[in-house]
Amino acid sequence: MSASSNARKVLIVGAGPVGCLTALSFAKMGWKVDLRESRPDIRYVDPSTIAHRSVNLAISSRAITALGTIDSGITARLLEDSIPMKGRMIHTKDGKEESQLYDQHGQHLNSMGRGLLNKVLLDELEHYTGVSVRFEDKLIAIDFERKTAIFIPPSADTLEVAFDFCIGADGAHSLVRRQMMRVVRMNFQQEYIPHDYVELHMSPGVGENGQPVFRIDPNHLHIWPRSAFMLIALPNKDKSFTCTLYAPTAELDKLETREQASDWFDLHFPDAVQLIGRESLLDDFEENPRSSLISVKTYPYHFKDCAVVIGDAAHAMVPFYGQGLNCGFEDVRVLTTLFKSFGVAPVPPKADEEDRLGPSLEEYSQIRREDLIAISDLAMYNYMEMRHHVITPIYRFRRVVDRLLSTFAPFVSGASLTDVLSRVPFPTNAARGWLPLYTMVTFRPDINYATAKRRAQLQTRILDYCGWLAGATAFSLSALGAWRFAVWNGVLRR
């Protein structure tokens, strides 16, 4: 598939999953696509050099719907390489397990390695003759008025690249965003939380006939909640699990020796030590890097009709809601939908025609602002839920009430929403009935994040009021009963 000879060129900086999906979308819309990445091609890099720095992806309905609106065929191929996770498996300190299903209708997350997803999307782009993909090209400057960018490629000193439109999908430390901040009054907030993560590896077990098998249930996201910290495990196709330890930086700093680390894991995660293997666990803990967790908020996301930032470049978030990649793919869907609804053509407008590119980008910034703030805040809160709340009685009680009340709400599957969400960013009045927050965020891509957060807050207030009312009623009835008992005793005595 190729673009017309007079098609406009979009320069996309960053060839991660979000950048690749963006390139695929613009190629399908008829643009010339110039995709550039500062790192080497992930398909030809030794996996050991890039491992241990990325948490497995939990792909939900938002990402699947975004993929479906752009290329339904690639969606099916990707899901074949994923593992469904139907709920959380909570591992208590005394070794017990408790399954908490995500959804009463059987909807699930999909576990997949980021590298595999990236490779599939890069391979798909090779089918488009209008797409150029270059690696090891480092961006150093952008002139948005002249619409040119300066790169340092491997084989030359500098290279000037002209473009008609630039998209920054180059991650939390985005160079495109940094260049935009020179010309845009952009609000910018960056926060490192005082917690780090370390990747660990649970190798496959050995079956009766010597074949590899999963050591624990592969259809759950496993969580070892320990109040101030937690361990999680997500399944891989080779029957292994990618495990990630999240803990306060100060807590990890105390584990200076192998013996101290061994004692600490024995105290807090004794069953995980047996599953992973003590020596393997301690080797990973010593050798794998400790990585920080960052939250980035920006606004606006665009500059005139020249550029826009999406994905982590616009809204890096902590990974505890599993929505970073899902939200980034949704960015691509919303941007594509607005380009189509505004009639942004892949060819330059004629002299007497209005270019709708600028207004569509203005609308994009307006639509996404509240949503991206909401999901960043929800992701931060969900860390507390995963490491502590999931084992509390009040959390279990509210889950029961949520699920009971949500049975009266109409069921809407993510798969049924692809058509409507290919035409509009979000339909109006999508959220009907009582819906748990997790359902709205994870399985209802037609409900935007800000609406999900507002409705969840309202539902929580209703439950709190009902709890207060029930308590007050019980107290009043008890007081009335005591008074009547006292009066009756007095009558009997007289």
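R290 is partly exposed, with a relative accessible area of 37% (buried is under 20%, exposed over 50%, partly exposed in between; 1.4 Å probe, protein chains only). The model is predicted: local features need pLDDT of at least 70, side-chain atom pairs count only at pLDDT 80 or more, and totals for chains, interfaces and linings use all residues. Residues are numbered from 1 along each chain as its sequence is written, and side-chain values use heavy atoms, without hydrogens and water.

A salt bridge places a side-chain nitrogen of Lys or Arg within 4 Å of a carboxyl oxygen of Asp or Glu. The count by this rule is 33. R290 and D196 form one, at 3.1 Å from N to O. R290 sits in the loop between α10 (278-287) and β19 (291-299), and D196 in strand β13 (residues 187-202), 94 residues apart. Helices (H or I, at least four residues) and strands (E, at least two) are DSSP runs, numbered from the N terminus. D196 is buried, at 10% relative accessibility.

R454 and E370 also pair, at 2.6 Å from N to O. R454 belongs to helix α17 (residues 449-493) and E370 to helix α13 (residues 357-387), so the bridge ties together parts 84 residues apart in sequence. Salt bridges with shared partners join K9, D34, R36, R134 and D137 into one network.

Buried residues in α14 are Y395, V401, D402 and S406. They cover an arc of only 125 degrees around the axis, which puts them on the same side of α14 (the arc is that of directions from the helix axis to the C-beta atoms). The face turned away from this buried side carries exposed P393, F397, V400 and L404.
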